[in-house]
2 protein chains.
Amino acid sequence: MYEKKNLPTLNCGLDLVGEVLYGKWKIRILWFIHQGNLRPSELQRKIPDVTRRVLNVQLKELEDHEMVTKKIYPVVPPKVEYRLTDFGKSIIPLIQAIGSWGDENQERLRQVILKHAASLSDKPKTPFIEDATVIIARSS
Amino acid sequence: MYEKKNLPTLNCGLDLVGEVLYGKWKIRILWFIHQGNLRPSELQRKIPDVTRRVLNVQLKELEDHEMVTKKIYPVVPPKVEYRLTDFGKSIIPLIQAIGSWGDENQERLRQVILKHAASLSDKPKTPFIEDATVIIARSS
DNA sequence: TCGAATAGGGATAAATTTATCCCTATACCG
DNA sequence: CGGTATAGGGATAAATTTATCCCTATTCGA
């Protein structure tokens, strides 16, 4: 595993929440578990962009942070279920609120996100002189 | 700058919010601006762990995402102020709620975070055989 | 005149997170 | 028998984010 070299900042509540929710998929994982998708394979189908490996890693962290519990059924093929702890359940209203705000502002969010992303891409790497060259070739 | 190679997932509101709030310091930056710390130097003093470079970068992203506006005063020494947009203001209640939940659960959060962090460090890298060697040496 | 404060940013390094690849195991279905 | 589904994890690569270092400029105060 990876050993942290910089200690996290843990001054205020905001810092603390950040530690347990920070992770590309964690909020969504919690949300989908809340929705009743308890098994890793179900979660993976709900979040196709996450790989199984990373899903496992983030679930493990959520477990360590006592947001979920893991139950392994000794059957074949294997069966595992994750459930929210009471602690995990208590954060669901926040996730709900965040999701609602996001839904309400969907259009604007999508617009500014895409605009920002574009502003990163459209820095031309090839100088304009190249375009000029093409034009000259055509006009000959 | 850095050009993204993997496109973000933008399916639901949760994804969208993630895009604009994801960043180690962004939520805190918004919060402190909301508290009236408008100038970069003030923000830096409030968040000593962020470097000026990164503070600038994250402020720029918040600006691109229309969460804040930047106002440059043509004076010397330079003076700059960031303010929340109406859009930015509308997300403050969420941040407030997250912070409150974090404060309320401060103790438990601190505990599980530290426990998890410790579990990463205390994986012994030197195999147990070394301990055994020591014991044998002692008993001779 | 030197140092501090103000704001900014390029180049690069380091840290961290996320993804890819590949392997283990078993039962069921056709 | 061969393919699929189930869950898991080590080793390593790639992507991304964050940090470090070092510059520019001006005014004020000691």
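Helix α1(A) is mostly covered, with eight of its nine residues buried, a residue being called buried if 20 or more other C-beta atoms, placed from the backbone, lie within 10 Å of its own. The buried residues of α1(A) are Leu14(A), Asp15(A), Leu16(A), Val17(A), Gly18(A), Glu19(A), Val20(A) and Leu21(A). Just after α1(A), Gly23(A) adopts a positive phi of about 155°. The model is a predicted one, in which local features require pLDDT of at least 70 and side-chain atom pairs count only at pLDDT 80 or more, whereas totals for chains, interfaces and linings use all residues. Residues are numbered from 1 along each chain as its sequence is written, while chains are lettered from A and ligands numbered from 1 in the order in which they are written. Helices (H or I, at least four residues) and strands (E, at least two) are DSSP runs, numbered from the N terminus.

The contact between the chains, for which two residues are paired if their C-beta atoms, placed from the backbone, lie within 7 Å, takes 43 residues from chain A and 43 residues from chain B. On the side of chain A that touches chain B, at least two residues each are supplied by α1 (13–21), α2 (26–34), α4, α5 (86–104) and α6 (106–121) of chain A, and the largest share, eleven residues, comes from α6(A). This side of chain A divides into 20 nonpolar, eleven polar and twelve charged residues, where Ala, Val, Leu, Ile, Met, Phe, Trp, Tyr, Cys and Pro count as nonpolar, Asp, Glu, Lys and Arg as charged, and the others, Gly among them, as polar.

The same surface serves both of them, since 100% of the contact residues of chain A recur in chain B.

DNA strand C is surrounded by 23 residues, of which the closest are Lys5(A), Asn6(A), Lys24(A), Ser41(B) and Pro78(B); a residue is near a strand if its C-beta atom, placed from the backbone, lies within 6 Å of it. Two or more residues of this surface are given by α4 (52–64) of chain A and by α3 (40–46), α4 (52–64) and β2 (79–84) of chain B, with α4(B) giving the most, three residues. The surface near DNA strand C comprises nine nonpolar, five polar and nine charged residues.

Around DNA strand D there are likewise 23 residues, the closest being Ser41(A), Pro78(A), Lys5(B), Asn6(B) and Lys24(B). Here α4(A) gives the most, with three residues, and the surface divides into nine nonpolar, five polar and nine charged residues.

In chain B, strand β1 (residues 68–73) pairs with β2(B) in the antiparallel sense over six bridges, pairing requiring that DSSP finds at least two bridges between two strands. A hairpin joins β1(B) to β2(B) through five residues. Within this pairing, Thr69(B) has Arg83(B) as its bridge partner in β2(B), and Lys70(B) stands opposite Tyr82(B).

Key: A residue is buried if 20 or more other C-beta atoms lie within 10 Å of its own, exposed if 12 or fewer, and partly exposed in between; C-beta atoms are placed from the backbone.
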